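Q: Hi! I'd like to go through this structure with you, bit by bit. Could you help me read it?

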Amino acid sequence: MGLLGDPTRRAIFERLARGPRSVQQLADQLPISRPAVSQHLRVLKDGGLVVSNAEGNRRIYSLNPEGVTALRAWLNGVWSDALAGFHKVAEAAPETAPPPEPGQEIS
Amino acid sequence: MTTTAPIPPITGTVTIAVPIDQAFRVFTGSINSWWPHEFHIGGADVAEVVLQVGVGGRWFERGVDGTECDWGRIRVWEPPHRLVFTWQINGSWQFDPDPARASGIDVRFTANGSAETTVEVEHRYFERLEGGQAIHDTIRGGGGWSLLLDGFAKSVVDQS
């Protein structure tokens, strides 16, 4: 398992991608305890994906500003799940629909 | 030319029991169905993931609040064999409109007979993204390729 293989750790990481947070703020947004959040943050920090700064009497966590490392780690998990999803949908799709035409927007 | 060291690409291969035309059609035309919606960049939850087909087409997410967040553009459109599109979210998790600073996703479709297709995905050129110069590969403990390929192997087994 990579650093982002754990779903909870990935959820913490994705929240930090939207902006710096304290441990308490993360714990408030996730169904896990504050000590559990701290433990995941330590793993992410040791792995170089997350950094922390002291702000008053608390620590604020954010993604490592050398951000492509973090981005690539995240995308690694994204592609793994996305292609598993593609596999499932492709094999379930009907075979008769025509290929899309250029310029057509399909979602 | 820069002298930035390449960052290893992310690669993955999946073999599916459908004809090549269908594989290409689902990959491009039904991305909203298979792209996991929890993977997104914008602040709002995803309403849909859109890929506008053909060269120059936009790849973006539309949030439940109606806002759109660009991810990239289609560069090569060769149905049903090949597709190249960009990922232009940089190390600051922002869209960078400069195509010179884009990473690229090269997708190749190969027919194994009439009813099976192998799809190979390579996401490369991470070093071109702004923030890429400071890369240090600190991913440890079996991340990277092994994780990705484990995922595919599992999905193949689950499907068969």
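Q: To start, what percentage of the 107 residues of chain A count as buried?
A: In chain A, 37% of the 107 residues count as buried. Keep in mind that this is a predicted model.

Q: Okay, predicted. What is the mean pLDDT of chain A?
A: The mean is 83, and 83% of the residues in chain A reach 70 or more.

Q: And where in chain A is confidence lowest, and where is it highest?
A: Confidence is lowest in strand β4(A), residues 105-106, with a mean of 55. The highest value, 94, belongs to helix α2(A), residues 23-29. Where pLDDT is low, the predicted coordinates should not be read in detail.

Q: Good to know. What does the secondary structure of chain A come to?
A: Chain A has four helices and four strands. Starting at the N terminus, the order is α-β-α-α-β-β-α-β.

Q: Which strands form a sheet there, and in what order?
A: Three strands of chain A make an open sheet, in the order β1-β3-β2, with antiparallel pairing. β1(A), at 21-22, and β2(A), at 50-55, are the edge strands, and each of them pairs on one side only.

Q: How many bridges are there between β2(A) and β3(A)?
A: Six bridges join β2(A) and β3(A), in the antiparallel sense. Within that pair, Asn53(A) sits opposite Ile60(A) of β3(A). The two strands form a hairpin with two residues between them, and Gly56(A) there has a positive phi near 65°.

Q: What about β1(A) and β3(A), how many bridges do they have?
A: They pair over two bridges, again in the antiparallel sense, with β3(A) covering residues 58-63. Arg21(A) has Tyr61(A) as its bridge partner in β3(A).

Q: Which strands does helix α1(A) lie across?
A: Helix α1(A), residues 7-17, lies across β1, β2 and β3 of chain A, and runs at about 90° to β3(A). Another helix, α3(A) at residues 34-46, lies across β2 and β3 of chain A, at about 115° to β2(A).

Q: Back to α1(A): which of its residues are buried?
A: Those are Arg9(A), Arg10(A), Ile12(A), Phe13(A) and Leu16(A). Looking down the axis of α1(A), the buried residues fall within an arc of 160°, so they line one face of the helix. After α1(A) comes Gly19(A), with a positive phi near 150°.

Q: Let's zoom in on Val50(A). Why does it count as buried?
A: Val50(A) counts as buried because 22 other C-beta atoms lie within 10 Å, and the cut-off is 20 or more. Val50(A) belongs to strand β2 of chain A. Beyond residues up to four places away in sequence, Val50(A) touches several others, including Leu16(A), Leu41(A) and Tyr61(A).

Q: How far apart are Val50(A) and Ala70(A)?
A: They are 20 residues apart in sequence and 8.0 Å apart in space, going from C-alpha to C-alpha.

Q: New topic: which residues in the largest nonpolar core touch the most other members?
A: Of the 56 residues in that core, they are Leu49(A), Trp74(A), Phe86(A) and Ala23(B). The element that gives the most to this core is helix α4(A), residues 67-92, with 13 residues. In soluble globular proteins, nonpolar side chains tend to be buried together.

Q: What is Leu49(A) in contact with?
A: Leaving aside neighbours within four places in sequence, the contacts of Leu49(A) include Leu3(A), Phe13(A), Leu63(A) and Ala73(A).

Q: Now chain B. How many residues of helix α1(B) are buried?
A: Eight of the 10 residues in α1(B), at 20-29, are buried, so the helix is mostly covered. Among them are Ile20(B), Ala23(B), Phe24(B) and Phe27(B).

Q: How many residues lie between β2(B) and β3(B) in their hairpin?
A: There are five residues between those strands, and Gly54(B) in the turn has a positive phi of about 95°. β2(B), residues 46-52, and β3(B), residues 58-63, pair in the antiparallel sense over five bridges. Val49(B) has Glu61(B) as its bridge partner in β3(B).

Q: Last one: is Phe85(B) buried or exposed?
A: Phe85(B) is buried, with 23 other C-beta atoms within 10 Å. Phe85(B) is part of strand β5(B), residues 82-87. Phe85(B) and Arg73(B) are 12 residues apart in sequence and 5.5 Å apart in space, C-alpha to C-alpha.

Technical notes: Residues are numbered from 1 along each chain as its sequence is written. Chains are lettered from A and ligands numbered from 1 in the order in which they are written. This is a predicted model: local features need pLDDT of at least 70, side-chain atom pairs count only at pLDDT 80 or more; totals for chains, interfaces and linings use all residues. Two strands pair if DSSP finds at least two bridges between them. Two residues are in contact if their C-beta atoms, placed from the backbone, lie within 7 Å. Axes are lines fitted to C-alpha atoms, for helices over the stretch in contact, and angles run from 0 to 180 degrees between N-to-C directions. pLDDT is the predictor's confidence in each residue, from 0 to 100. A nonpolar core is a set of buried Ala, Val, Leu, Ile, Met, Phe, Trp, Tyr and Cys residues joined through C-beta atoms within 7 Å. A residue is buried if 20 or more other C-beta atoms lie within 10 Å of its own, exposed if 12 or fewer, and partly exposed in between; C-beta atoms are placed from the backbone. The arc is that of the directions from the helix axis to the C-beta atoms.
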